[in-house]
Structure formats: C-alpha cells, structure tokens
Amino acid sequence: MNDGFITCAVASPSVRVADCRFNTESILQRISEAVARQVRLLVLPELVVTSYSCADLFFQTSLQEGALEALQVIVEESRSNDLLLVLGCPLVVQSRLYNCAVVVQKGRILGIVPKQNLPNYQEFYEKRWFAVPEDRNMMVDVLGQETWFGTRLLFTCSNLTQFVLACEVCEDLWVPQAPSVDHALAGATVIVNCSASDELVGKEEYRRSLVSGQSARLVAAYLYSDAGEGESSTDLVFCPHNLIYEDGIRLAEQFGVSDTLLVTEIDVQKLALERMRLNNFKVPKASYQQISFSLSEKSCTLTRYVDKAPFVPQDEESRALRCEKILTLQALGLKKRLMHTKSQRVVVGLSGGLDSTLALLVSVRSFDLLKLDRSNILAVTMPGFGTTKRTRGNATKLAKALGVELQTISIAKAVAQHFKDIDHDPEVLDVTYENSQARERTQVLMDLANKLNALVVGTGDLSELALGWATYNGDHMSMYGVNASVPKTLVRHLVKHVASISDAATRKVLLDIVATPVSPELLPAHGDGTISQVTEDLVGPYELHDFFLYQAIRWGFSPQKVYRLALKAFEGQYEPAFILKWLKTFYRRFFTQQFKRSCMPDGPKIGSLALSPRGDWRMNSDASYQLWMTELDRL
C-alpha cells in the first residue's frame, strides 16, 4: 500500500454448472493463493458461485439456496484475512432475482451491486431470469447481515483514501452509457468487472479495446475477470480472458487460463494525481453511498514493469513510428514559424553533437515541406578552445551531405579579446572561461540571423532545460527551439532513425555523431585530441535524469516514490547510492535553474511533458527545494 500501490489479482476458477459446492472449493483455493501472495484485492467472474450458464436452473430454489450457502462459506473464510474480494453470485432480494457482484471482507458483506444492463439479444437471455434493478441504494438483509444493495455504491479504503472501488457486471461495460462513467465521476479510481463473456472470433480484440478505452477515459484502473473452464458448451464456448489496465495501459493479461491468479500492482496515487491535474471530473447528479473498509499496512513488493526509458518505445517498429511522428511535429512547428515571420532562411549552430544535428535535420525537413532550397539553411560551426577534430569534421561532413550552406567562424580570438576586456585569466578554466565561449557563439548566430533576415534555430533539449545545463543567454537562447520538449534519451534515437532512412554518406556521419560522447566542448581537449569534458560525468547519466523527470514532473510523484521506482527500473545496473546521489542532483538543479526556463524561447510540444512556462510548467524561480531534499535525506 505504500506509495499508492495495491497488489491486485483477477482469476477464472474452474466451475461446474450448478455445482455450488465444487465451485466454492475452487473459489476458496483462489482466495488461499491470493492471501499467500499478499494480494489485497481479488476479483472473480460473474455468477462464479453457481456458474453463468445455469439457464432456467436459476429459478430452482435448490440452486438459490445453494448459492447462499456457498456465499456463507466464503464470507466465513474471509474472517481470517483482510483480502477485499469481489465475486459474482445470484441473489434473491425482495422476491426478485438479481445477477450481483458481492463485495466481501473480514467476514462482512460490504455491499451488493446488481447488474444494471441485462443482455437479451442473440445468444443472451438474461431478462428471462434476472430483474433489472432500480437506480438506487437500499439496506437489505443477507445471511443475517444488514448490508447495502444498489447501483451506486463506492467502497473507500479508510487508510488509503485514493483507493475507491466500484463494480460493474459484464454487459455494463458494453453499453453506450456504462455505469462506470458515473462511478468514476463520483470518485472511483478502481473499477472491477465480474464478467462471463462467451468467446467468438474477433471478440478477444474488441474486449481488450473496451477495457483499455474505458480505463483511459476514466483515468482508472480496470480489473476484468472472465468466466472460463467448466461453463456449459451447449450453445456457447467460454474461454477466460482476464485483463488489468491502468489509465489505458495494460498491466497484465491472461487468455485461456483457468485456476491461475493474474497478479500485478495498480497505482491509485498516480490515478488520483492525474485526475487532479486534468481537473475535469465533475460530480455526478445522483448521490452515492460510501462504504468504508480498511487494509492492514503492508509493504507492497513491486512486480509490475517499470520502464527505465519512459520516453523511448522499446520495440523497433514502435520506436521508428514514434521518431517519425516527432520529427514531423518538430518540422511542422518550425514551418509555421517561418511562414508567420515570412523568413526563408535559418541559422543553426552546428557543433557535430547530437542536439545541433537534430536541429539541423528538423530544419531540413521544414524547408523540404516549404519547398525551399536547402542552401538557405546556414549551418555555422564555431570552433573554440575545446573543439575536437572529430566533432568539427562531422559537422562539416553533415552539412555537405544535407546540401546546406556551411560557414566556419572561429571564436578563439573574439573570446581571448573578451577575456582581456573583463580582465579574466585564460589559464583559469572556470565557469567564466566556459560560458564566455557559449555566449560568443550565440552572439555570432544572432548577428548572422539579423544580417540574413533569418531565424536562429535553437538546439537545447528537454533534459538540458530540466537540469539548467545551458549557458544563460548563450546556447539557452534562440528564436525557436525545435528540441525544447525532446528528452536527451530520445534525441539519440531520432538521429539514428534519420540515419536508417538516409543515403550511405549521411548515414555514416550520423552514426558517428550518435557514437560521440555528449559534451559542450568548452574545455581544452586531451593531448590526443579526444573530448575532455563528458557531460554525463559531470551532471549524471541522462537515462537517470530523464527517468526522474518523467516520474517527478509528468506524474508528480514524491522523491521517495521516484527513488523506489528507479531502484526497480535500474535494478542490477546502478547501485542505490548512485541513484540517490543523482536524484538529489536532479531536484537541486531542477529548482535552482527555473529562471532559465521562465524565459525560454518558443518551441513545439511533442510529448506528454514540456517545460515551457506558456504551456505545461509554471513555477516561481525562487521556490525552495528543501521539502523535497528533506525527504531524500531520510532515504
């Protein structure tokens, strides 16, 4: 339960049609296994106590009583643990038979939710057996317990208030106005569905899309438990399809498997924070009955997958599609800016590094879209005190391969003169030594842009903006920042993608740029001419910082939770102390460098996270980070 994680499971116990004793034993086995695996929420299928395919046997007193006896055994079994159990059972309430989801915990029936939408078409005849409930709540007596029965019940965890559960039963999901819509608006973060969906050609894919879509629309976890082994095959075939989704993302899936728990963890804190950010969950018109329960405080071991590269798709095909989409968005943004300013030229500072390479590639795409000659793109390489032969050579080769104009302007003399003007000793390799070069380069680019009636295209990326790893009023500034919402871990893949679809000469130089260590090249090179200043040695691995950025800023997680997720994602790759060191660096730099983001140039948003003060991120530059650091110091 810590950090909002709840271990949950769905399962499809084997059943026999109308054999409540056999079914009860099958259910108890799943409960026992769930308790042993420290599951906190278990969801079982529709009418699992009797089986779904009992047909007119539902009218038999023996079956109705057998279902009650089975429920009694299950309720008694629940006294020995605090597992929250949701299962399907037929129940007679006020002389009417209902298809119900029953919520049980600690020997109590917390509530009973009747199925609202009864299918009565094609192979379904549910209105033949079950009553359609009124849209209200009432107290009823079941097994000697006074409990709530109704269509608008919410089950709220008293010691984790972000965990609010609501129930649907099978067809309720398939109708135009699913009950879960109102449930979510009323505060439910977890929707469970006790289902018995027969299997047909193509239904598996449709069922998956329904659960995924509902989970995404409602910003909820959706747990779908389907009937399977043992149901009647007189007219239908049942093949269990169990699904667990969170905010549209599939966490776990099981098809054709009975008697096996599908276990993962849902993050109710994440769901609550996302709803808070969206701020569009209006209160439903009808009132809901809140039913409280509690769970014992236990640590939750994470088994769910935590992506260490959340900005980069894992499989090659998806990554290529993502890269193509991003490049298109970047190019369209620059295209619009060029059209608006009536400018037909751009200036790009080309260092031979990843970021400036991506900026040049985007510029080329924009010019191609506008049907402008690529020679109107001016790539400027400005060697300084730390420029290496490798990066300068790659810049020259790339400009030539892409057919853009290249101009080389050494900044060494200008910076040396500047050192004299401000009385700085050039032997002192401090921040003044470094930033003077960055600002001189920006001055050259800006003045060339004025001279040519052009725009300076910025090269800085999202990761550098987050860390403030840019010289204020140096490479921090441009007239349009095409990389402003592209994280460093993705920049490399974008360049590699363009390489994969380019001619041999372009591909060769792009791949060498990808293989070059990230560096601002502001300090003199080693004696052998190699780069002496490797960025990730100074500021930390970008894959860690991009992970921190995604979890801390996109989702708003606490430092403790970010650290916990990082330990899971980078297990076996980085030591905990190493992760914690750079996490502290991330928070310190993110807070102290906000002033650089407050005046950042325009740039296109291409993903779910951007740091533009005009869009995603607004923060005062003098906000304190002590609260966050104090939490980290406790770890």
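Leaving aside neighbours within four places in sequence, which residues is Glu-199 in contact with?

Before the answer, a word on what you're looking at. This is a predicted model, where local features need pLDDT of at least 70, side-chain atom pairs count only at pLDDT 80 or more, and totals for chains, interfaces and linings use all residues. Residues are numbered from 1 along each chain as its sequence is written, and side-chain values use heavy atoms, with hydrogens and water left out.

Now the answer: beyond those close neighbours, Glu-199 is in contact with Glu-204, Arg-207, Val-237, Phe-238, Cys-239 and Phe-255 (contact means heavy atoms within 4.5 Å). With Arg-207 there's also a polar contact of 3.0 Å between the two side chains. A polar contact is a pair of N or O atoms within 3.5 Å; within protein, one must be able to donate a hydrogen and the other to accept it, and residues adjacent in sequence count only if both atoms are side-chain atoms.

Glu-199 sits in the loop between strand 10 (190–195) and helix 5 (203–218). Helices (H or I, at least four residues) and strands (E, at least two) are DSSP runs, numbered from the N terminus. Glu-199 has 15% relative accessibility, so it counts as buried. Buried means under 20% relative accessible area, exposed over 50%, and partly exposed in between (1.4 Å probe, protein chains only).

## Another buried loop residue

Leu-295 is in a loop too, the one between strand 15 (289–293) and helix 7 (316–341). With a relative accessible area of 2%, Leu-295 is buried. Leu-295 and Arg-250 are 45 residues apart in sequence, and their C-alpha atoms are 25 Å apart in space.

## Helix 14 and its two faces

Let's move on to helix 14 (residues 504–514), where Thr-506, Val-509, Leu-510, Ile-513 and Val-514 are buried. Why are they on the same side of helix 14? Because they cover an arc of only 145° around the axis (the arc is that of the directions from the helix axis to the C-beta atoms). The face turned away from that buried side carries exposed Ala-504, Ala-505 and Lys-508.

The buried residues of helix 14 pack against helix 8 (354–370), helix 9 (389–402) and helix 13 (488–500). Asn-394 lies in helix 9 and counts as buried at 4% relative accessibility. Not counting residues up to four places away in sequence, Asn-394 touches Val-509, Asp-512, Ile-513 and Thr-516. At the start of helix 14, a side-chain oxygen of Asp-503 reaches to within 3.1 Å of the backbone nitrogen of Ala-505.

## Helices 18 and 20

The axes of helix 18 (residues 576–592) and helix 20 (residues 626–633) come within 10 Å and cross at roughly 175°. That makes the two helices roughly antiparallel. Axes are lines fitted to C-alpha atoms, for helices over the stretch in contact, and angles run from 0 to 180 degrees between N-to-C directions; those over 145 count as roughly antiparallel.

From helix 18, Leu-580, Leu-583, Lys-584, Tyr-587, Arg-588 and Phe-591 meet Trp-628, Met-629, Leu-632 and Asp-633 in helix 20.

In helix 20, Met-629, Glu-631 and Leu-632 are buried. They cover an arc of only 155° around the axis, which puts them on the same side of helix 20. On the other side, Leu-627 and Asp-633 are exposed. Helix 17 (559–569) and helix 18 are included in what covers the buried residues of helix 20.

Conventions: Parallel < 35°, antiparallel > 145°, perpendicular 65-115°, else oblique.
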